[in-house]
Amino acid sequence: MELKQHYDVAIVGYGPTGVTLANLLVQQGLKVLVVEREAGILQLPRAIRFDAECMRVFQTIGISDKLQQELEPGPGMKFVDAEGNLLITWERPTQKGTQQWSSAYRIHQPDLEAVLRQQVEDHPLLTVKLRHEVYKIDERTEDCVLYFENLTNGSLELATAKYVVGCDGARSLIRRLIGTTFEDLNLHSRWLVVDFITKNNVNDLGDYSIQYCDPQRPMSYIKGTGRRLRWEIMVMPEDDVHNLTRPETIWNLLKDYIQPENAEIERAAVYTFHALLAKQWQKDRLIIAGDAAHQTPPFMGQGMAAGIRDAANLAWKLKALVHDEHAFELAESYHSERISHVKEFIQGAVHFGNIIQNYCADHEYQQQVSQLKNFITPTPKLGTGFIQSTDEGNGQIAPQFILDKQTLSDDEIGYQFSLFVLPDHLAQVEELQLNDIEGLSIITAQQTEIVNWLHQHQAQAILVRPDRYIFGKASAQQSIEQLMKAAHLYDVITH
């Protein structure tokens, strides 16, 4: 095997997490190799939800306009008992919120992946090896050697990359090479997942997802895009699993809700829903993201969204690592920041899963339901990492603002740091020559919404990271210069 190519980053796996990461890396000028064992996008429905924060990532990539043709806002979820009584309402507003996008969107995953791949198709910095499989990685002092097989003809190839990111799913090779184990968050249950394409609106139960907390047979109804519907049916102890995916079994289980004359089965499969967190997401030059790092039950619709967040958190840190190996501490923050964030969503999904599966049979869960009557989507802070620890708002997702001429602030900024500053303090920005720092966008607070946001945080200026999370603020106690030095931007880039 002849060594032909060297890359900044190699990505193993080209699903939603991998293709999002590839987009963000080449956007920053990094040379990227993708190795994917499948020949193309799997044309089956899988993930069907993502949220406003993910939409901001797609906006940064530059596909939001095109993607909106494939999307439908999702209004939320309702939980009902065996008699149809409403237990919990989880509203997810369809109108645009502080992030300038709806709270949740319905998507057909193959459509999303197609748009993401088209965005980087033929990009000069990206090499995609479809129908190839990595079977070995040698870590060296300055890079990794990847060995992979062309599954079409059996030929063997190799390449080098400074860093390798495993976006290779629940059975990740890269996770095994890291050698980590899982933290088990205690939900393992088998469900039959059936996707339908409807012929009419007869079996349309509305845009809200419905969780049926029926001890005889817990089930979920989820409205997809276009004519798609999904039903998730819990596998019970008495079930013959081998027969569950047979059409006659499915139609019988759902006879009260959907009939064969009104729909056709697109896919039926039995899955085991897991709640797992890898304990280590990075070892030297190997990193994991998406399902390779965490597995989330579907009860909050956050599985794919978590992988998109991983990519947005990681990509700008990889750029820093590639250009300066001393930025290793910054790269380590990827794990510490993301693990506590995703853990909150997984725990929420486990909690909802337990309610769905145990509500009528367990008084404890009935009490919990009364406390969750009107559930609000959590907005977790990042864990300890590349964030100033001195203020409550640091580590939270920042709003997106509408600037002059109806421009969205993320479009103005791009995938880089941004400093939102009150006009009275612009002199400090000019004195420090911050306008000249590459990789930093200065946004003067001329809009009422930005001024109010800064005042709310008692800030003269707020520094926001490329992934739109708040790093820190300048206030009466801390100058803008001190803020920039804390972020290593002013010190490192200007000296």
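Helix axes are lines fitted to C-alpha atoms over the stretch in contact, and angles run from 0 to 180 degrees between N-to-C directions. Helices (H or I, at least four residues) and strands (E, at least two) are DSSP runs, numbered from the N terminus. The model is predicted: local features need pLDDT of at least 70, side-chain atom pairs count only at pLDDT 80 or more, and totals for chains, interfaces and linings use all residues. Residues are numbered from 1 along each chain as its sequence is written, and side-chain values use heavy atoms, with hydrogens and water left out.

Helix α1 (residues 16-27) packs with helix α2 (residues 52-61) at an angle of about 40°, and their axes lie 10 Å apart. α1 is therefore oblique to α2 (under 35 degrees counts as roughly parallel, over 145 as roughly antiparallel, 65 to 115 as roughly perpendicular, the rest as oblique). Thr 20, Asn 23, Leu 24 and Gln 27 of α1 make the contact with Val 57, Phe 58, Thr 60 and Ile 61 of α2 (contact: heavy atoms within 4.5 Å).

Four strands form an open sheet in the order β22-β21-β23-β24, with mixed pairing (two strands pair if DSSP finds at least two bridges between them). β22 (440-444) and β24 (470-474) are the edge strands, each pairing on one side only. From one strand to the next, the twist averages 20°. Strands β21 (residues 417-421) and β23 (residues 461-464) pair in the antiparallel sense over four bridges. Phe 420 has Ile 462 in β23 as its bridge partner.
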